There are 2 protein chains.
Amino acid sequence: MRDITIQLQINSEKCLYEQIYEHIRQEIREGKLFTGERLPSTRSLADYLQVARSTVEYAYDQLLSEGYIEARPYRGYFVCAEADLANMTDMNASSPRFLPEKEEKPMTWVADFSPHAIEMSEFPFGVWKRITKNILNDGNQELFAQGEAQGDLTLRQTICRYLHSSRGVNCRPEQIIIGAGNDYLILLLEKILNGMRTIAMENPTYTRAYRIFQSMGYEMKQVSVDQGGLRVRELEETDADLVYVMPSHQYPTGAVMPISRRNELLKWASLGQNRFLIEDDYDSEFRYKGKPIPSLQSSDSAGKVIYLGTFSKAIAPAIRVSYMVLPDSLLEKYWANCSFYSCTVSRIDQRILDEFIRDGYFERYLNKMRKIYRGKHALVLELLKPFEKQFMISGDNAGLHLVLTAKNGCSEKELLEKAAAVGVRVYGMSDSFVEQGNKKPSVLLGFGGLQPNELTEGIKRLRGVWLKD
Amino acid sequence: MRDITIQLQINSEKCLYEQIYEHIRQEIREGKLFTGERLPSTRSLADYLQVARSTVEYAYDQLLSEGYIEARPYRGYFVCAEADLANMTDMNASSPRFLPEKEEKPMTWVADFSPHAIEMSEFPFGVWKRITKNILNDGNQELFAQGEAQGDLTLRQTICRYLHSSRGVNCRPEQIIIGAGNDYLILLLEKILNGMRTIAMENPTYTRAYRIFQSMGYEMKQVSVDQGGLRVRELEETDADLVYVMPSHQYPTGAVMPISRRNELLKWASLGQNRFLIEDDYDSEFRYKGKPIPSLQSSDSAGKVIYLGTFSKAIAPAIRVSYMVLPDSLLEKYWANCSFYSCTVSRIDQRILDEFIRDGYFERYLNKMRKIYRGKHALVLELLKPFEKQFMISGDNAGLHLVLTAKNGCSEKELLEKAAAVGVRVYGMSDSFVEQGNKKPSVLLGFGGLQPNELTEGIKRLRGVWLKD
DNA sequence: GGGTATTTGTCCGTATGTATG
DNA sequence: TCATACATACGGACAAATACC
């Protein structure tokens, strides 16, 4: 049952019931009212259109007698099936109702080593459901009211504690801005940093972020990446005032930036009043060897780091809760330029997440997943042993993917095609380059979303097609 | 239980357990670990720090013997209360953990006639809960995966049908973009319309939108408003290529744009290839007299209208689902400039809303609320009868607020102050002006969020202080 | 609500490097 | 050179408390 908007013209030569009748007939003919669909009741439509009920009834009677609709006593009026047949001719005349969206390739893979996939089977759905239920039961009214622009204070406090203990981030809740996805936070950031228009990014990098900055009209600078991450020397030769950097686990190379270079980076930032570092700490939760790597923000005493994090990786992409920690010097600008953008995350979701973390479920889930991913990581490394002579394996101390670089003369394209031929999907690193660089033939092997048997089968197949004897 | 990020230096002169011990002691002293808070278990911290369990155990033993923490067998280690007392001296040295946010005035009103308030008491929370529960029970995995950038197709189809039947909007699902709030959609729109930098807005207008466009660096033009809404004649004298307009129910004046002027507006837009009309149809659901007013978009045959709508008014602000309908000519730009911004609404929420609408609950709720608001509207008009000689009452055929303009010499400021003195909050229209115009002393009386007795009491009090004898 | 799996402090044995005699 | 003691780090076994279904 839906309302029906009809532009009734009181002065029209047509009488009211006729206008209603013709409008609905048209809707049915054009297929805009589906077969079997219920029309509004005479009472509600009359109320809606501000006409007498008998006027609507008259119009419906007409439709009834012409077979467009049928009346089911005590239930309502419904569009007839026959009417549907009659409109087939009209269908072509009207614009198509639903154009098909660009289709996904219906290819099904034996193993899809997507670096963005994560495992969700262990997620405590039951707990999530219970918390959701409790929250909906508890406070009804307030929850559906407008919330704070930065995000609910309680959740910001929780994130604050989590970031401090888990990532060494030093901040106060008022520095935190919660938003639906990093994309959105970057849009906000543009407003906060207005005026700064040259940004340096790693190459290769996370191209989604690159494209966002590019679409915002920033002048883009590329800085190459080695085993220690972004090369600060190269950065110094650009005239960028902003740097987007992933020090803890560079995407896609997996490079970890050593302390010495972090200090160089912080020093670079301190040399200009308008220089800032945007630290994307996207999947720092998962690390397999070596001591934990604190965030760049934790070493920042000059207030030069803008910290970006997300729960999409650690909990689920659909949660879409990300956060940004602003240095004090930018808070004022946030209040001036952005505080009127209301928070994009629903308060209910904020409350659910807050309770999920507060009650320790997040910590436990993280520990569990760390263990699982560590197991998969070890398995993949084990399975990749035969590859070691012909491939370089890197980026292997954190995250959910490895990087394989061919030393046996295979091109990246060949690697992808050979893998695809046996139903295995791998991802070329060249997609992550924003400029033609000295690309080596490298592929990304994401293991997060695959089960051990899939990993085994997938890599077995890769061995068959990639290794030359 | 939290992880503790400690920058362990393997080559340090200090041994491992000592580094752990000192770090935690520091955290406790600075109050960053609260009294009674649980430390991570020896196992998990050892795992996290990649050291042996006994190393952590050793550090904990040290803290134990010095009284910083206590051990509860099989349960964990906890920060002692005594330790808390000891750190009082250190507290001042460290930066405060949580600064208080700027406080809300604790003023409580007898009646707050906010034009943005809505009534939530009749919302079918039970249904919402049930749908939520069902959805969480049904499809677990897919729901937590990444969704389509524009929003889930099914919801877009549903919105498409709703808009068509209820607002006369003609569109296909692929023209719809779902986002968390109008603010966000406007941010996206900037990217779609990149290059266009002069926008005309009504004056007075919805200042939130004004400030957003302003903060994006648009050149702002103001066009005054009369009883028929935006004055197109005035618009023609500006060099704007964009217009933000609320034809169905202008905020705050409540003006409804007549057909003739709509056609002028559409004609204006058709005269330039880059001209577009942004139609904000923010609260068109509620209308009390006269025929339903179809959207401007429904009269647009040239593809010049960008339609903005939201469920925040009709369902709840916390839902934060808004939508934008792009004309075909802008779809290409959307795909080029914006399709990589992933949707800011969580898929779960999208599914809940979709089912809520599909199952007819939205329609029913809307009918119910229409009735309730109509009742309140009638009540307010009845109560305002004594005001008619000294005030002009306008904007009274739709929406959730009325406009009162004093004819008795009272200034707007006086009206607000007099009302506040008797505990009644009303809102001055001058807040909605973006430029000093010929403002009349007007106040907005929002009735959506108040109960009949509050309305009666509030207006009774206003009568006492506003009416001169 | 009750049974099972996991977590956790505690206790204990072991290994390694260094200093001492 | 060898034996001993000590500090530090590692990992297994146990029983109770807790979490999860």
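Biologist: Which element gives the most to the surface near DNA strand C?
Modeller: This is a predicted model. In it, α2(B) gives the most to that surface, with three residues. Elements of chain B that each supply at least two residues there are α2 (42-49), α3 (53-65) and β2 (76-79).

Biologist: How many residues surround DNA strand C, and which are the closest?
Modeller: DNA strand C is surrounded by 14 residues. The closest are B:Ser41, B:Thr42, B:Ala71, B:Tyr74 and B:Gly76. Sorted by class, the surface has five nonpolar, five polar and four charged residues.

Biologist: And which residues are closest to DNA strand D?
Modeller: B:Leu16, B:Tyr17, B:Ala52, B:Ser54 and B:Tyr74 are the closest of the 15 residues around DNA strand D. Two or more residues come from each of α14 (361-383) of chain A and α1 (16-29) and α3 of chain B. The largest contribution is that of α3(B), with four residues.

Biologist: What is the class make-up there?
Modeller: Near DNA strand D there are nine nonpolar, three polar and three charged residues.

Biologist: Now the sheet: what is the strand order in chain A?
Modeller: The order is β4-β11-β10-β9-β8-β5-β6-β7, an open sheet of eight strands with mixed pairing. β4 (176-179) and β7 (229-230) of chain A each have a single partner strand, so one side of each lacks a neighbour in the sheet.

Biologist: How does β7(A) join β6 of chain A?
Modeller: Two bridges link these antiparallel strands, and A:Val225 has A:Leu230 as its bridge partner.

Methods:
Residues are numbered from 1 along each chain as its sequence is written. Chains are lettered from A and ligands numbered from 1 in the order in which they are written. This is a predicted model: local features need pLDDT of at least 70, side-chain atom pairs count only at pLDDT 80 or more; totals for chains, interfaces and linings use all residues. A residue is near a molecule or strand if its C-beta atom, placed from the backbone, lies within 6 Å of it. Ala, Val, Leu, Ile, Met, Phe, Trp, Tyr, Cys and Pro count as nonpolar, Asp, Glu, Lys and Arg as charged, and the others, Gly among them, as polar. Two strands pair if DSSP finds at least two bridges between them.
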